[in-house]
Amino acid sequence: MLAAVMMMGSLSSCNYNSLVEKQQNVDQAWAQVENQYQRRSDLIPNLVNTVKGYSTHEEETLVKVTEARAKATSITLDADDLTEENLARYQQAQGELSQALKSLLSVTEAYPDLKANENFMNLQAQLEGTENRISTERKRYTEAVRDYNTSIKKFPTMIYAGWFGFKEKPQFKAEAGAEKAPEVKF
């Protein structure tokens, strides 16, 4: 009997420690996602100011980008508050900012001098690189969440996970309309 209790305790601590490690991996991956979104947010004022210098009559687009950035940065999501609803709100705000940036970059097509401006080209390249980093970090977060969620659902770990309050973490969902290929017109 004592041996069975000791074995249960040993398995429990191993499983608990493994779950803590996996939960920390999820938290770290989420922090990297937020870090890249912050990097994008930090680049936007410089990009907007550069475009402002060339296009005085594109005020509406610049305002939309600024407003979308303000909304996106006002929604913060701590790793402990990762729920389906909170992640969906966060993702929606970031998606609105992405759309506003696409509008801004498409407006610049009308300004050949702007497209040739070294500052603008540098900022645009940094923004493109940041978008790639965001994608990479979201993928890493998704992998960490998958590993964690799988672990808390496996037997016998699911018993310990329930005892110690380990809850499932949410995944990113594709944006509405992402299943449709974009229409390209020349």
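Which residues does Glu34 touch, not counting residues up to four places away in sequence? In this predicted model, Glu34 touches Leu77 and Tyr90 once such neighbours in sequence are left out. Glu34 lies in helix H1.

With a relative accessibility of 41%, Asn35 counts as partly exposed. The C-alpha atoms of Asn35 and Arg133 are 9.7 Å apart in space, while the two residues are 98 places apart in sequence.

The secondary structure of the protein chain consists of 6 helices and 0 strands. Along the sequence this gives the pattern α-α-α-α-α-α. Of the 186 residues in the protein chain, 37% are buried. Among contacts between residues at least 6 apart in sequence, 80% join residues that are at least 24 apart.

In soluble globular proteins, nonpolar side chains tend to be buried together. In the present model, the largest nonpolar core contains 42 residues, and the members that touch the most other members are Trp30, Leu47, Leu101, Leu104 and Tyr141. At least two residues of this core come from each of helix H1 (2-52), helix H2 (59-74), helix H3 (84-107) and helix H5 (118-153). H1 provides the largest share, with 11 residues. Leu47, one of the core members named above, touches Leu101, Leu104, Leu105, Phe120, Leu123, Gln124 and Leu127, with residues up to four places away in sequence not counted.

The axes of H2 and H3 are 8 Å apart and the helices pack at an angle of about 155°. Because this angle is over 145 degrees, H2 is roughly antiparallel to H3. The crossing of H2 and H3 is left-handed. On the H2 side, the contact is made by Thr61, Leu62, Lys64, Val65, Ala68, Arg69, Lys71 and Ala72. On the H3 side, the contact is made by Ala93, Gln94, Glu96, Leu97, Ala100, Leu101, Ser103, Leu104 and Val107. By class, the residues of the contact of H2 with H3 divide into 10 nonpolar, 3 polar and 4 charged.

The second pair is H3 and H5, whose axes come within 13 Å and cross at roughly 155°. This angle makes H3 roughly antiparallel to H5. The crossing of H3 and H5 is left-handed. The residues of H3 that meet H5 are Leu87, Gln91, Ser98, Leu101 and Leu105, and their partners in H5 are Phe120, Gln124, Leu127, Glu131, Arg138 and Tyr141. The contact of H3 with H5 has 6 nonpolar, 3 polar and 2 charged residues. Leu101 of H3 takes part in the contact with H2 and in the contact with H5, and Leu101 is also among the core residues that touch the most other members.

A further feature of the backbone is a cis peptide bond between Phe155 and Pro156, with omega at about 0°. Pro156 lies in the loop between H5 and helix H6 (157-164).

Note on methods:
Residues are numbered from 1 along each chain as its sequence is written. This is a predicted model: local features need pLDDT of at least 70, side-chain atom pairs count only at pLDDT 80 or more; totals for chains, interfaces and linings use all residues. Side-chain values use heavy atoms; hydrogens and water are left out. A nonpolar core is a set of buried Ala, Val, Leu, Ile, Met, Phe, Trp, Tyr and Cys residues joined through side-chain atoms within 4.5 Å. Buried means under 20% relative accessible area, exposed over 50%, partly exposed in between (1.4 Å probe, protein chains only). Helices (H or I, at least four residues) and strands (E, at least two) are DSSP runs, numbered from the N terminus. Contact means heavy atoms within 4.5 Å. Axes are lines fitted to C-alpha atoms, for helices over the stretch in contact, and angles run from 0 to 180 degrees between N-to-C directions. Angles under 35 degrees count as roughly parallel, over 145 as roughly antiparallel, 65 to 115 as roughly perpendicular and the rest as oblique. A crossing is left-handed if the near helix is turned anticlockwise from the far one by less than a right angle, and right-handed if clockwise. Ala, Val, Leu, Ile, Met, Phe, Trp, Tyr, Cys and Pro count as nonpolar, Asp, Glu, Lys and Arg as charged, and the others, Gly among them, as polar.
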